[in-house]
Amino acid sequence: MPAPKPVAQNTVALLLPLGGPFRELGGKVQKGAKAAQDALAAAGTPLEVIVIDATQPGWVDSVRNLPPEVSLVGGPMHPLTLKELQSTGLLQTRVFLAFLSTLGEAREGIDAWRFFPSAADEIDALLRLSLSDYGINQFGILRPGDRYGQSMGEAFGLSVSKLGGQVTATGVYSPQDSGSWNTTVMEMLKTGGGRPGFGAVFIPDEFARADKVLDNFFKNKVEDLLILGPQLWTEALYRAAAAKTPININNYRLAVCPGAWWPENQGKATQDLIAAMRAAGVEHADLWEAVGYDFVRFAARVGRVPQGSGPQDVSARLAQSATGMDFSMAPLSYTPDGKAHVAMYLFRPSVAGPVLLDPEGFRQRLNAIRQKALENPAPETEQSYSPNPAPAATQPGAPAQPVPAGTAPVQQPAPVQPAPAQPVAPQPATPVPGQQQPAPLAPVPAHRQAVTAS
């Protein structure tokens, strides 16, 4: 007789949009969750998952009628669903880990928690490179005049100010009026007397439009700015690479953008998820499958949350469970007050899609362009971006670990995950002024240097 299957010791729920305009994303989370379920079952620690479709009538009652032993719910994925949970009082009945970048009116760490990167995580990664590592402390913001551009621009400006930097120019353009974009850029450039009075510019807009907006800097003979883009660019670059859609690489020689998904990461969780998705017929796994995969595995670590646990106890339990977990996406952690932080990767655009940034090699390239010493055209391969050949990748399956502050570089490092959340403090480096010959960027501290994969 075959041995009986082990009984699931824990049950969790997923609240996903499996219909409507978000059904594709909800379906990806569900696929990732199923892959994690299969992995847990194979390891002898099965976990039962109840899936509720948030687009079906009566979904509120389905949440209300979940068995009492279901203490943890993954989702929701839409702000309106979260708002309805809050208005019905259901947020107080269970622990909800929302797959949202912000919880809106709900209080993070009290009413609900996040299991997804935020706009603050994107900005933190960009400023960790530009302000802390490179010593740039004067920034421009060029944004569309829509809600997304306004919220991202305001968040970026606030973070720059907190870290001791300055936003010296802001340009707002109409997304529909492409004829006015060059005028907006020219107004920004007047801050430095024909040169930009800033060393880096943040452009929080979708990739297709930002691509055309960027042209206006080159039309005005400004080619040495550090270009900072949002996670939207990284997602678009993955789609372009999968569809073999060419991009205008000359616009992105000095561009970086953050992301929470890096398929070349040789960590076991990432490679296991990719293998499981390929077995299920998904050739290019992305962040959404990773969210489902990581949530189910994370829920198994959290276990059943005791009934009546206060927000502080829940936050402590989540923080402990996240510590040391091998995430398939970028590492997630929780502060003592329940705020989630995703230590996002930084990428540079390439013809092959997003490529993990080598901060020191990129700094040298930026300095070379600023000194007009670069004679070759924009590189088409990862190797041509770095002054030295990329080291050989480590054996697949080796878990990638965060690099703690102060760790000395090793001779043959493996591809690393981003460092855990650390306060970004400006370094005593020469700022990049608005002048004809910008000062060289500060060298990147050894513990900040990432390793590109070969």
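## Cavities

The model holds 4 cavities of 30 Å³ or more. A cavity here is a set of points on a 1 Å grid over the protein atoms alone, where a 1.4 Å probe fits but cannot get out. This is a predicted model: local features need pLDDT of at least 70, side-chain atom pairs count only at pLDDT 80 or more, and totals for chains, interfaces and linings use all residues. Residues are numbered from 1 along each chain as its sequence is written, and side-chain values use heavy atoms, without hydrogens and water.

The largest cavity has a volume of about 90 Å³, taken as the space filled by probe spheres set on the points. Its lining has 13 residues, each with an atom within 4 Å of a point. Closest to the centre are Phe 218, Glu 223, Leu 225, Ile 227 and Leu 254. Helix H7 (residues 207–219) gives the largest share of this lining, 3 residues. By class, the lining has 8 nonpolar, 2 polar and 3 charged residues.

## Sheet

Five strands form an open sheet in the order E2-E1-E3-E4-E5, with parallel pairing. Strands pair if DSSP finds at least two bridges between them. The edge strands, E2 (48–53) and E5 (113–114), each pair on one side only.

Strands E3 (residues 72–74) and E4 (residues 95–98) run parallel, joined by 3 bridges. Val 73 has Phe 96 in E4 as its bridge partner.

## Helix packing

Helix H4 (residues 119–133) packs against helix H5 (residues 147–162) at an angle of about 45 degrees, with axes 10 Å apart. H4 and H5 are therefore oblique to each other. Their crossing is right-handed.

Note on methods: On a 1 Å grid over the protein atoms alone, a cavity is a set of points where a 1.4 Å probe fits but cannot get out, and a pocket is an open set with protein on both sides within 12 Å along at least five of seven lines; lining residues have an atom within 4 Å of a point. Helices (H or I, at least four residues) and strands (E, at least two) are DSSP runs, numbered from the N terminus. Ala, Val, Leu, Ile, Met, Phe, Trp, Tyr, Cys and Pro count as nonpolar, Asp, Glu, Lys and Arg as charged, and the others, Gly among them, as polar. Axes are lines fitted to C-alpha atoms, for helices over the stretch in contact, and angles run from 0 to 180 degrees between N-to-C directions. Angles under 35 degrees count as roughly parallel, over 145 as roughly antiparallel, 65 to 115 as roughly perpendicular and the rest as oblique. A crossing is left-handed if the near helix is turned anticlockwise from the far one by less than a right angle, and right-handed if clockwise.
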